[in-house]
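Hello,

Here is the structure for your files. My notes follow below it.

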Amino acid sequence: MSVVSAVIFAGILLSPAAEIKETRWFWRRSKTPFQWLLCFPLGTRPSGRVFFWSYIFYLSRFVHMFRTIFSIFRTRKLTFFHLFNNSILTIMSLLWLEFSQSFQVLAILFTTLVYAAVYGYRFWTAIGLRSACFPLVLNCQILLLGCNVVCHIGVLMLHFMKGGCNGIGAWVLNSVLNGVILLLFLKFYVQNRRINGKQTPVMGKIHEDKGL
């Protein structure tokens, strides 16, 4: 999972650079490269390098689903947040492709970077090497959700200030689903803080098992 995420991260990082270089002449007066990453021009179609890697990311979501199924077969106790998060991310990645939704490049970059770090860390600890002195998985999840919130605000601002962003209808649904994920995560976090109290190692272990 770590290697797959790292490959997608590299692909989605290099593809927009080439895409911007080739098409920047068309929109250079109205957008900067960072604004293009947040807000696709109206009429953008789901084709080319960027959407190829977006499709690969969508396919990788099924690998996550299989992993969840294997976890259930191993009688691991999974939280509703874990199951809901995996399902919703698959739906959202399909919307990104179907409607050429703005913001998807940064979303995939953030998500695959976090997954590469988290699954690499899990492999690191699984082979008996020393674990981090802080709940790494939990902190990565917080960082990912925080970046998503900031980027969603940026898309909304650009949509009204720059004449519109492509796939804004899908973006609205995406924002609602991200809001639900954020609320479920906060609820999950608060509940475990109450249960474990000062037992930091136990809480860390719970988040390592039930995080991403």
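**Helix 3 against helix 5**

Helix 3 (residues 49-73) packs on helix 5 at an angle of about 40 degrees, and their axes are 11 Å apart. Axes are lines fitted to C-alpha atoms, for helices over the stretch in contact, with angles from 0 to 180 degrees between N-to-C directions. The two helices are therefore oblique to each other (under 35 degrees is roughly parallel, over 145 roughly antiparallel, 65 to 115 roughly perpendicular, the rest oblique).

This is a predicted model, in which local features need pLDDT of at least 70 and side-chain atom pairs pLDDT 80 or more, while totals for chains, interfaces and linings use all residues. Residues are numbered from 1 along each chain as its sequence is written, and side-chain values use heavy atoms, without hydrogens and water. Helices are DSSP runs (H or I, at least four residues), numbered from the N terminus.

In helix 3, the contact residues include Phe 51, Phe 57 and Arg 61; those in helix 5 include Ile 108, Tyr 115 and Arg 122 (contact: heavy atoms within 4.5 Å).

Helix 5 (residues 104-126) has 23 residues and reaches 32 Å from its first C-alpha to its last, close to the 33 Å expected (1.5 Å times one less than the number of residues). Just after helix 5, Gly 128 has a positive phi of about 95 degrees.

Most residues other than glycine have a negative phi. Ser 100, in the loop between helix 4 (80-98) and helix 5, has a positive phi of about 45 degrees. Phe 103 lies in the loop between helix 4 and helix 5, with a positive phi of about 85 degrees. Ser 100 is buried at 2% relative accessibility, and Phe 103 is buried at 0% (buried: under 20% relative accessible area, 1.4 Å probe, protein chains only; exposed: over 50%; partly exposed: in between).

Regards
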